Amino acid sequence: MALSVPLGAVLVSIVIHSLWGGNPVAVKFSLLAFPPLTTAFLRFAIGIACIALWAHWRGISLRPERGEWRAMWIVALLFAVQIASMNIGFDHTSGAMGSVLIATNPLFAVIFAHFLVAGDRLTPMKGLGLTVAMAGTLLAMLEDADIASLDFGAAGNWIVLSSALMLGFRLALGARFVRRIEPTKVALWQMVLSLPLFGVGALWLEEIAWDAVGVGPIAGLLFQGIVIAGVGFTVSYHLMKRYTPSVMMSFNFISPIAGVLFATWLLGDRVGPLLLAGMALVAVGLYLVAKQPRTGR
């Protein structure tokens, strides 16, 4: 891959995005006992603790400066809506389908970064990658379509896809903010400020299925909280501060492949030919987007 990014950063990105591929599966496990907003609340409570401990160990100040609060609130509100819609969508689709659809977020991030992040421009090769990957997304969604009744996919699929769009916007916006704000602050405060929203929504609208609480749901929460929210967000923001977001996030071509493998292995999901073909096109499209030289730091 023609990337002017150090090998160490490439390897870290591959690992992080492979783990992200398992996030939809982890969410599916947690949803067996904990509803969507409750899952989000518990996940980010764990994530906040992990990031706070890591920042304390590294001596990183997490107190926002006066001029940083506006950016924190913008990212946090977008974060809350995006995560809530993602969990709700995952609750109404398969783990394999959810993995492919949420992995399209870099496509939207590339478009938004073109307008929001200096030096991260939309090139013809990126445009080709976007076209290929979006064709793959539509092909994958035909797996759940009923052409005769004009039902083009389950509602959960469209909710996850809308969440991917919001995630792309949030990551591009966050990449703009971390050019002037410590990335660990952004990763932490988007969780801290959104946590009360998840908590109130969970108490008001949801009930935990206590009889279903067990190893699977708890392991799913720990994976989301420690690996994804704690490690994944922090590392990705640091990488995006150093390299252009469209390049770093486009390593997500690994995520749909990893996600489908995790879903078939751990959830026993059936993966049909259209979903497999769509996954392949999404991966190829994201690879084409990623084959760009670094244009900014």
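User: Which residues touch the most other members in the largest nonpolar core?
Analyst: This is a predicted model, where local features need pLDDT of at least 70 and side-chain atom pairs pLDDT 80 or more, while totals for chains, interfaces and linings use all residues. Numbering runs from 1 along each chain as its sequence is written, and side-chain values use heavy atoms, without hydrogens or water. A nonpolar core joins buried Ala, Val, Leu, Ile, Met, Phe, Trp, Tyr and Cys through side-chain atoms within 4.5 Å; buried is under 20% relative accessible area, with a 1.4 Å probe and protein chains only. Of the 60 residues in the largest core, those touching the most other members are F44, I83, F90, V100, I102, M191 and F198.

User: Which element gives the most to this core?
Analyst: Helices are DSSP runs of H or I with at least four residues, and strands are E runs of at least two, numbered from the N terminus. With 10 residues, the top contributor to this core is helix 4, residues 69-90.

User: What is F90 in contact with, leaving aside its neighbours within four places in sequence?
Analyst: Contact means heavy atoms within 4.5 Å. With those neighbours set aside, F90 meets P24, V27, K28, L31, G98, I102 and V160.

User: How much of the chain is buried?
Analyst: The chain has 13 helices and 2 strands. Among its contacts with a separation of 6 or more, 90% join residues 24 or more positions apart. Of the 297 residues, the buried share is 55%.

User: Which element supplies the largest share of the largest pocket's lining?
Analyst: A pocket is an open set of 1 Å grid points where a 1.4 Å probe fits, with protein on both sides within 12 Å along at least five of seven lines; lining residues have an atom within 4 Å of a point. This lining is V12, C50, I51, W54, I226, G230, V231, T234, V235 and H238. Two elements give two or more residues: helix 3 (36-58) and helix 10 (215-242). The largest share, 6 residues, comes from helix 10.

User: How many charged residues are in that lining?
Analyst: Asp, Glu, Lys and Arg count as charged; Gly counts as polar. The lining of the largest pocket has 7 nonpolar residues, 3 polar and no charged.

User: Which element gives the most to the lining of the second largest pocket?
Analyst: Its lining includes L19, F29, F223 and L266. Helix 2 (23-30), helix 10 and helix 12 (254-267) each supply at least two residues. The most, 4 residues, comes from helix 10.

Conventions: Buried < 20%, exposed > 50% of the residue type's maximum accessible area, 1.4 Å probe, protein only.
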